[in-house]
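Here are my notes on this one, jotted down while going through the model. Have a look at the structure first, then see if you read it as I do.

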Amino acid sequence: MSDRWQSCEARILELLADQATFGLSADEQEELRALLAIMPDFDRDCMHRMAATIHLASVGKAPEPLPPSLQQRIRARAFHA
Amino acid sequence: MDECLQKYGGLVWSIARKLCPNHADAEDAVQEVFIEVWRHAGRFDPQVASEATYITMIARRRLIDRFRRRSRQLDTASIQEEMVESTSRHEEQTEIEEEAARAREYMQQLRPEQQQVLELSITHGLSQSEIAEATNLPLGTVKTHARRGLMRLRELLGADQVETTKGDTP
């Protein structure tokens, strides 16, 4: 793997990490889009998965169940979607 | 659909309650999350992430989109825990609890400052400047801890997946 490729990958990871935590500016979004165009197979969800893992770590032993009325509304909305 | 709601409804609801400013907003958000889960069910790949991680990822994205649209202060109140009544719900919950316990083990392998910054950002939805103020760290350091923590977590999870794959080989 060339140095250029490695630095491209490292920068994508930085931007994806920033996107998953604090968000990206318009310039950074454009930079990420351009880099991902160079590496289209890059796993662009990888940092969002890490963030999801951190969120899962915060889940209590028995989270409050979904209210039944809300479940009904979701079913109705899914039916019409 | 019912199975998905039963199994992951509590998980999505707990995330929404943490990241939404009020009850009504959390209810709207949860509806949007599940509609998106069903629309994109075909994209789920068990080789890449567990169901719980996949659904949490969709929930976070949807909630962050809503939050950024509104640019409102997040309510970081903790979620009250409830006793579980039905056996089936208990089994479903156990699976999520096990996954949460594994996630906590990974988190504990990060440096304390990385854990702190990531928890404040991801779990409580604080901005970079809010975290800098709360921790007395420079803005750039906050971002560095968040980046390095996520990258370390990625390494840890990647190494674990490699080990699991090796273990699966006859």
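Predicted model: local features only at pLDDT ≥ 70, side-chain atom pairs only at ≥ 80, totals over all residues.

1. Next, the contact between the chains. Chain B puts in 51 residues and chain A puts in 38 residues. On the chain B side, the elements giving two or more residues include helix H1 (2-19), helix H4 (87-108) and helix H7 (139-168) of chain B. H4(B) supplies the largest share of that side, with nine residues. Sorted by class, the side of chain B that touches chain A comes to 27 nonpolar, twelve polar and twelve charged residues.

2. Now the core. The largest nonpolar core holds 54 residues, and Val12(B), Ala16(B), Val30(B) and Ile55(B) have the most contacts inside it. The top contributor to this core is helix H3 (residues 46-57) of chain A, which gives eight residues. Both domain 1 (1-71) and domain 2 (97-170) of chain B also give residues, so the core lies between them. Leaving aside residues up to four places away in sequence, Ile55(B) touches Tyr8(B), Leu11(B), Val12(B) and Val37(B).

3. Last, a quick check on H5(B). Its twelve residues should span 16 Å at 1.5 Å a residue, and the end C-alpha atoms are 15 Å apart, so the two agree. Among the buried residues of H5(B) are Val117(B), Leu118(B) and Ile122(B). After H5(B) comes Gly125(B), with a positive phi near 70°.

Technical notes: Residues numbered from 1 in each chain as written. Chains lettered and ligands numbered in written order. Contact = placed C-beta atoms within 7 Å. Helix = DSSP H or I, 4+ residues; strand = E, 2+ residues; numbered from the N terminus. Nonpolar A, V, L, I, M, F, W, Y, C, P; charged D, E, K, R; others polar. Expected span 1.5 Å × (residues − 1). Buried ≥ 20, exposed ≤ 12 C-beta atoms within 10 Å, placed from the backbone. Core = buried A, V, L, I, M, F, W, Y, C linked by C-beta atoms within 7 Å. Domains from an automatic or database assignment.
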